[in-house]
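Open the model in a viewer and keep the sequence panel beside it. The stops below say what to select next and what is there.

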Amino acid sequence: MLKPSFGEPDQCFPLKGDSGIVQIRLRTTIIPEAITLEYVDKQEVAYERSSAPKNCRVYGWHRGYNADSAIETGKLFLLEEFSYDLEKSNAQTFNVLDSIGSGLVDTVRLDFTSNLGNPSHTCIYRVQVHGHEPTSISMLATQS
């Protein structure tokens, strides 16, 4: 489980190796708009930061009541693909791709395909999924 660390050094969710997957079940169904990934603030850290994630693909789907339905029915879709840049802000927000339209998701998966060079682990400090709840129950019915 990912727990808030408030960006404190060494208080991350570590993934073994230079890549890994984090899957998050949202508390409610949303129409996704953006993803924020946060690494420890460079002003607070004097040691090397090679465990920062680099390349990531974010997928979403609506599982509903059947936990396996999205993968079985092929409704897993790419929300965004991005590269985290240590030279920018420690919290970086990436807009969801326009091509998904008004797809509903209640689960997201972050596939970290590389980090900045640390072979033993990749550190994730905070992930936020931004979006809004659908305005109509009929939208939920059409997605199920």
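Helices (H or I, at least four residues) and strands (E, at least two) are here DSSP runs, numbered from the N terminus. This is a predicted model, in which local features need pLDDT of at least 70 and side-chain atom pairs count only at pLDDT 80 or more, while totals for chains, interfaces and linings use all residues. Residues are numbered from 1 along each chain as its sequence is written, and side-chain values use heavy atoms, with hydrogens and water left out.

**Whole chain**

Start with the protein chain in cartoon view. It holds two helices and eight strands, in the order β-β-β-α-β-β-β-β-β-α from the N terminus. Colour by pLDDT, the predictor's confidence in each residue, from 0 to 100. The mean for the chain is 82, and 74% of its residues reach 70 or more. Now select residues 70–74: pLDDT stays under 50 there, and the model has five contacts (heavy atoms within 4.5 Å) for this stretch beyond four places in sequence.

Of the 144 residues, 44% count as buried. Buried means under 20% relative accessible area, exposed over 50%, and partly exposed in between (1.4 Å probe, protein chains only). Among contacts with a separation of 6 or more, 80% are between residues 24 or more positions apart.

**Arg49**

Select Arg49, in the loop between β2 (20–38) and β3 (53–61). Which residues does Arg49 touch, not counting those up to four places away in sequence? They are Tyr39, Lys42, Leu86 and Leu116. Arg49 is buried yet has no salt bridge, and Glu87, the nearest side chain of opposite charge, is 4.6 Å away. A salt bridge needs a side-chain nitrogen of Lys or Arg within 4 Å of a carboxyl oxygen of Asp or Glu. For charge, Lys and Arg count as positive and Asp and Glu as negative; His and the chain ends are not counted.

**Salt bridges**

The structure holds four salt bridges; three of them follow.

Show Arg25 and Asp106, whose side chains meet in a salt bridge (3.3 Å, N to O). Arg25 lies in strand β2 and Asp106 in strand β6, so the pair ties together parts that are 81 residues apart in sequence. Asp106 counts as buried at 4% relative accessibility, whereas Arg25 is partly exposed at 42%. Strand β6 spans residues 105–115. Beyond four places in sequence, the contacts of Asp106 include Ile24, Leu26, Thr28, Trp61 and His62.

Next, select Arg57 and Glu81, which form a salt bridge with their closest N and O atoms 3.3 Å apart. This pair links distant parts of the chain, with Arg57 in strand β3 and Glu81 in strand β4 (residues 77–83), 24 residues apart. Arg57 is partly exposed at 30% relative accessibility, and Glu81 is partly exposed at 47%.

Then go to Arg109 and Asp111, joined by a salt bridge of 2.9 Å, N to O. Both residues are buried.

**Cysteines**

Where is the disulfide (a pair of cysteine sulfur atoms within 2.5 Å)? It joins Cys12 to Cys123, S to S 2.3 Å. Cys12 is in the segment before β1 (13–16) and Cys123 in strand β7 (residues 121–124), so the pair ties together parts 111 residues apart in sequence. Both Cys12 and Cys123 are buried. The count comes to one disulfide. Cys56 is buried as well, at 3% relative accessibility.

**Leu104**

End at Leu104, in the loop between β5 (91–95) and β6. Leu104 counts as buried at 1% relative accessibility. Its C-alpha is 9.9 Å from that of Gly131, 27 residues away in sequence.

Terms used: Disulfide = S-S within 2.5 Å.
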